[in-house]
Amino acid sequence: MASSSLPSNVHVSQHPCLRAKLSQLRSQETKAKETKALIHEITLILGCEALAKGLKVTKGGTDKSPIGYEYSTETISTSSISLVPILRSGLGMIEGSLLPLRHETCSLTSITTALQILLPIPVSVHHLGLFREPVTLQPVEYYNNLPYHQAPAHQNSAAAEIAILLDPVIATGGTSQAAIQTLREWSVKKVIVISILGSIGGVRRMAEEWPENVEVWIGGIDAECDARGMIKPGLGDVGDRLFLTKGK
């Protein structure tokens, strides 16, 4: 699907490896283990593209190389960044993000590593629980652990400056749109959305929610959703595929 009709704050990846992996992820023959690995790998590619544009390098101090030569260090300020996966399926994208995998025995901790791998030091992870009401297809929030501390100037001092919102599938766009509204109320200054696949209508709806402060990085675009709000041909229910459950 061509992206020419999408808002300017939507960036559809043209990476050849991502496009090949997306085709593999679409297949009904791809099992849970392979699904998890592909989501991890696609998220890494999208994360590299998104964070290259969305973050800035700052000067650090000095250090010495293994053979004794001094050099100036560079880093990024991760204190102003939070990862915000949308439960359940967004958990599969954290694994590709920020930290080396250390706790293979803990499924939630292992899932919390895709974007953590990219960042040089750990960042906070805050979860949003949203589901789509099956009749109206409207989002319903059931969980929110965004911290809130009221400052004297009536600003939320606990809010991150940059929230990286992780939602693998943007179908109707209602869930991601609601998440952006919540993050805006939390007082974030910028939202970077990373998603694997979306419908053109859903992505447009979500991207237009707060266009001046939202950037969307997505692996692919399909034309439309069916009557149940599922993308055609889509990926199916990513949460069910990851956690071997059957949706209602």
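Biologist: In which sense do S11 and strand S13 (residues 197-199) pair, and over how many bridges?

Modeller: S11 and strand S13 pair in the parallel sense, over 2 bridges. The general idea comes next: strands of a sheet pair through backbone hydrogen bonds, either parallel or antiparallel. Remember that this is a predicted model.

Biologist: Which order do the strands of the open sheet of 3 strands have?

Modeller: The order is S11-S13-S15, and the pairing is parallel. Strand S11 (169-170) and strand S15 (221-222) are the edges, since each pairs on one side only.

Biologist: Now the other sense. How many bridges do S2 and S3 share?

Modeller: S2 and S3 pair over 5 bridges, in the antiparallel sense. Here lysine 64 stands opposite glutamate 70 in S3. The hairpin of S2 and S3 has 5 residues between the strands. Within this hairpin, glycine 68 takes a positive phi near 95°.

Biologist: How do I read the side chains along a strand? What is the rule for the two faces?

Modeller: In a regular strand the side chains alternate between the two faces of the sheet. Keep that in mind when you step along a strand in the viewer.

Biologist: On to charges. How many salt bridges does a search of the whole structure find?

Modeller: The search finds 5 salt bridges. Lysine 59 and glutamate 74 meet through their side chains in a salt bridge, 3.4 Å from N to O. This pair links distant parts of the chain: lysine 59 sits in strand S2 (residues 58-64) and glutamate 74 in strand S3 (residues 70-75), 15 residues apart.

Biologist: Are lysine 59 and glutamate 74 buried or exposed?

Modeller: Lysine 59 is exposed, and glutamate 74 is exposed too.

Biologist: What does lysine 232 form with glutamate 224?

Modeller: Lysine 232 forms a salt bridge with glutamate 224, and their closest N and O atoms are 3.3 Å apart.

Biologist: Which residue forms a salt bridge with aspartate 226?

Modeller: Arginine 228 does, with the closest N and O atoms 3.5 Å apart. The exposure classes need a reading of the cut-offs. Arginine 228 is at 61% relative accessibility, so it counts as exposed. Aspartate 226 is at 26%, so it counts as partly exposed.

Biologist: Next, a single residue. Where is histidine 126 placed?

Modeller: Histidine 126 is in the loop between strand S7 (124-125) and strand S8 (128-132). Its relative accessible area is 12%; the cut-off for buried is under 20%, so histidine 126 is buried. A polar contact of 3.4 Å joins its side chain to the side chain of serine 124. Setting aside residues up to four places away in sequence, histidine 126 touches Ser82, Leu83, Val84, Pro85, Asn145, Leu146, Pro147 and Trp186.

Biologist: And cysteines? How many disulfides does the structure hold?

Modeller: The structure holds 0 disulfides. Cysteine 17, at 43% relative accessibility, counts as partly exposed. Cysteine 225 is partly exposed at 24%.

Biologist: What is isoleucine 194 in contact with, leaving aside neighbours within four places in sequence?

Modeller: Its contacts are Leu46, Gly47, Ala50, Met93, Leu115, Ile164, Leu165, Leu166, Asp167 and Trp217.

Biologist: Last, the whole chain. How many helices and strands does the protein chain have?

Modeller: The protein chain has 7 helices and 17 strands. Of its 248 residues, 48% count as buried. Take the contacts with a separation of 6 or more: residues 24 or more positions apart account for 62% of them.

Terms used. Residues numbered from 1 in each chain as written. Predicted model: local features only at pLDDT ≥ 70, side-chain atom pairs only at ≥ 80, totals over all residues. Heavy atoms only, no water. Salt bridge = Lys/Arg side-chain N within 4 Å of Asp/Glu carboxyl O. Helix = DSSP H or I, 4+ residues; strand = E, 2+ residues; numbered from the N terminus. Buried < 20%, exposed > 50% of the residue type's maximum accessible area, 1.4 Å probe, protein only. Polar contact = N/O pair within 3.5 Å; in protein donor to acceptor, adjacent residues only side chain to side chain. Contact = heavy atoms within 4.5 Å. Disulfide = S-S within 2.5 Å. Pairing = 2+ DSSP bridges.
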